[in-house]
Amino acid sequence: MRGGYRLLALWLSASLWAAPPPASDWDRLSPMQRKVLAPLATDWKDYSPSKRTHMLALADRYPKLSLVEQQRVDARLKHWASLSKAERDQARQNYRKVQKLPPEQRVAAKEKLKQAQASAPVATP
């Protein structure tokens with residue numbers, strides 16, 4: 001019986017070893033997906049499968065967006081890519097806090113954030 005478990009373990013490890021890489025590896029993305037998601041290329045390997053799926057859906061919708069929306073996506077991806085891991089974690093925590101607020105407080109918080117962003121100095125490369 002022990003030999004059966006060893007054989008099963010060997011078969012499982014061999015099949016995992018021979019499994020193709022996930023379809024969402026950076027090199028497997030379409031040229032359009034790579035172009036849209038270029039700011040995230042360095043960290044792409046660290047993204048969870050669900051986050052990759054979300055970002056790929058965004059990249060696929062990108063050509064259908066208006067020019068203004070495309071520019072907004074470009075700016076947000078570049079800004080996100082420029083943040084440190086600690087800053088990203090803080091942004092995620094802030095987002096979760098805002099999502100838990102009642103709708104009217106959520107709108108007020110978003111307005112306050114927009115005002116703060118509008119008054120912040122614009123960074124130039």
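How many helices and how many strands are there in the protein? There are six helices and zero strands, where helices (H or I, at least four residues) and strands (E, at least two) are DSSP runs numbered from the N terminus. This is a predicted model, in which local features need pLDDT of at least 70 and side-chain atom pairs count only at pLDDT 80 or more, while totals for chains, interfaces and linings use all residues. Residues are numbered from 1 along each chain as its sequence is written, and side-chain values use heavy atoms, with hydrogens and water left out.

**Overall composition**

- From the N terminus on, the elements run α-α-α-α-α-α.
- Buried residues make up 15% of the 125 residues in the protein, with buried meaning under 20% relative accessible area, exposed over 50% and partly exposed in between (1.4 Å probe, protein chains only).
- Among contacts (heavy atoms within 4.5 Å) between residues at least 6 apart in sequence, 34% join residues at least 24 apart.

**The largest nonpolar core**

- A nonpolar core is a set of buried Ala, Val, Leu, Ile, Met, Phe, Trp, Tyr and Cys residues joined through side-chain atoms within 4.5 Å.
- The largest such core has 13 residues, of which Val 36, Leu 37, Leu 40, Trp 44, Met 55 and Leu 77 touch the most other members.
- Helix 3 (49-61) and helix 4 (67-82) each supply at least two residues of this core, and helix 3 gives the most, with four residues.
- Leaving aside its neighbours within four places in sequence, Leu 37 is in contact with Trp 26, Leu 29, Trp 44, Met 55, Leu 56, Ala 59 and Leu 77.
- Leu 56, one of these partners of Leu 37, has its place in helix 3 and counts as buried because its relative accessibility is 15%.
- Leu 56 and Leu 29 are 27 residues apart in sequence, yet their C-alpha atoms are 8.6 Å apart in space.

**The second largest pocket**

- About 170 Å³ of space lies in the second largest pocket; on a 1 Å grid over the protein atoms alone, a pocket is an open set of points where a 1.4 Å probe fits, with protein on both sides within 12 Å along at least five of seven lines, and lining residues have an atom within 4 Å of a point.
- The lining consists of Asp 43, Asp 46, Tyr 47, Ser 48, Lys 51, Lys 85, Arg 88, Asp 89 and Arg 92, which divide into one nonpolar, one polar and seven charged residues.
- Helix 5 (residues 85-99) provides the largest share of this lining, four residues.

- At 1.5 Å a residue, helix 6 (residues 103-119) should span 24 Å, which agrees with the 25 Å between its end C-alpha atoms; the expected span is 1.5 Å times one less than the number of residues.
- Lys 45, in the loop between helix 2 (31-36) and helix 3, counts as exposed because its relative accessibility is 61%, and its C-alpha is 7.2 Å from that of Asp 25, 20 residues apart in sequence.
- His 79 lies in helix 4 and, at 49% relative accessibility, counts as partly exposed; His 79 and Pro 39 are 40 residues apart in sequence and 8.7 Å apart from C-alpha to C-alpha.

Conventions:
Grid points are joined across faces, edges and corners, and a volume is the space filled by probe spheres set on the points. Ala, Val, Leu, Ile, Met, Phe, Trp, Tyr, Cys and Pro count as nonpolar, Asp, Glu, Lys and Arg as charged, and the others, Gly among them, as polar.
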